[in-house]
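Here is a short briefing on one protein model. Look over the sequence and the structure first, then work through the points below.

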Amino acid sequence: MDSPPAPVPNPETRVDAPASRLRIDPTLQFMLMIGVAVLAAALAYALSSPRNPLAWQWGVLAGLAGFGATAIGAAPALGLRSLGQRGEDILLGFGAGMMLAASSFSLILPGLDAGESLTGSRALGAAVVVTGMAIGVWLMMVLDALTPHEHAHCGTCGPETRMGRVWLFVNAIALHNLPEGMAMGVSFAQADMSVGLPLSTAIAIQDIPEGLAVAVALRGVGMSPWKAVGIAALSGFMEPLGALIGLGLSSSFELFYPGGLGLAAGAMIFVVSHEVIPETHRNGHQRAATLGLMAGFMVMMVLDTTLG
């Protein structure tokens with residue numbers, strides 16, 4: 001008598017899944033990432049000395065403005081379940097253009113001037129900024145490798161996890177909000193409105209479509225409107241935490257001001273190239289997304305000229 005056929009394995013089930021996948025609730029894992037950022041911000045504040053009260057006030061307010069902009073962007077998801085893909089790509093491209101211009105005009109150029117002033121040499125000042133940029137890129141690569149998240153153009157990144165794709169996307173947004181917050185904090189480290197105001201304005205503006213994208217994605221998987229908007233807004237809480245980290249480091253080490261400006265610029269350029277541009281070019285709307293990027297770049301140039 002023939003033996004019964006062996007059971008056919010489910011192609012969606014990995015043999016080593018129980019041993020290699022983290023069994024952590026997605027909400028808990030998301031909150032854990034924010035908790036680590038809170039500890040880093042508290043440590044940076046505790047170690048900072050001396051503290052310029054005006055710089056800390058403006059830097060924290062800038063980070064809170066980014067948090068508020070994310071919440072404002074998420075609010076329309078209370079009555080909106082989906083976005084047109086073309087419109088989303090244009091908005092994200094616009095934000096990418098603002099980030100690129102902010103990195104150039106509000107971070108790298110002031111960093112070069114500050115580096116030359118502190119070192120007495122234009123070449124050494126540029127070396128400090130370039131070193132900061134390299135560290136910023138390295139930091140984002142490390143976070144990209146260690147944090148479970150989702151890039152739509154290349155799939156799941158970081159350690160294996162049981163988190164759904166939407167939660168991985170939320171992680172990705174929260175992850176790149178951290179260097180944006182650090183950029184805000186460092187830009188106000190010298191209490192210089194001409195550096196901090198245009199940069200923080202640009203980051204806050206581009207946070208609006210990000211908040212909406214996260215909230216709509218969560219609604220698309222059946223989450224209630226209020227919970228989706230709340231979690232999307234919470235992803236923006238990484239920005240005031242990042243601002244505290246940037247302020248703390250800048251207050252502790254004199255050369256971290258130009259180096260920190262370079263670090264924030266490197267991290268933001270990495271995010272734009274690694275995540276935002278590929279995302280806006282994967283749906284056949286490359287031209288519209290590129291026009292959005294150019295528009296964002298030009299708007300940021302105007303902001304930097306009028307506010308800087």
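Helices and strands are DSSP runs, numbered from the N terminus; a helix needs at least four residues and a strand at least two. The model shown here is predicted. By that count, the protein has 11 helices and 2 strands.

**Overall layout**
- Along the sequence, the elements run α-α-α-α-α-β-β-α-α-α-α-α-α.
- The protein has 308 residues, and 48% of them are buried.

- Helix α7 covers residues 193-220, and its axis comes within 9 Å of the axis of α11.
- The two axes cross at roughly 150°.
- Angles over 145 degrees count as roughly antiparallel, so α7 and α11 are roughly antiparallel to each other.
- The crossing of α7 past α11 is right-handed.

- Helix α11 spans residues 286-307 and holds Met294.
- Is Met294 exposed, partly exposed or buried? Its relative accessible area is 40%, so Met294 is partly exposed.

**A salt bridge**
- Side chains of opposite charge can pair when their charged atoms come close.
- How many salt bridges does a search of the whole structure find? The search finds 1.
- The side chains of Arg122 and Glu116 form a salt bridge, at 2.7 Å from N to O.
- Arg122 has a relative accessible area of 53%, so Arg122 is exposed.
- Glu116 is partly exposed, at 30% relative accessibility.

Conventions
Residues are numbered from 1 along each chain as its sequence is written. This is a predicted model: local features need pLDDT of at least 70, side-chain atom pairs count only at pLDDT 80 or more; totals for chains, interfaces and linings use all residues. Side-chain values use heavy atoms; hydrogens and water are left out. Buried means under 20% relative accessible area, exposed over 50%, partly exposed in between (1.4 Å probe, protein chains only). Axes are lines fitted to C-alpha atoms, for helices over the stretch in contact, and angles run from 0 to 180 degrees between N-to-C directions. Angles under 35 degrees count as roughly parallel, over 145 as roughly antiparallel, 65 to 115 as roughly perpendicular and the rest as oblique. A crossing is left-handed if the near helix is turned anticlockwise from the far one by less than a right angle, and right-handed if clockwise. A salt bridge is a side-chain nitrogen of Lys or Arg within 4 Å of a carboxyl oxygen of Asp or Glu.
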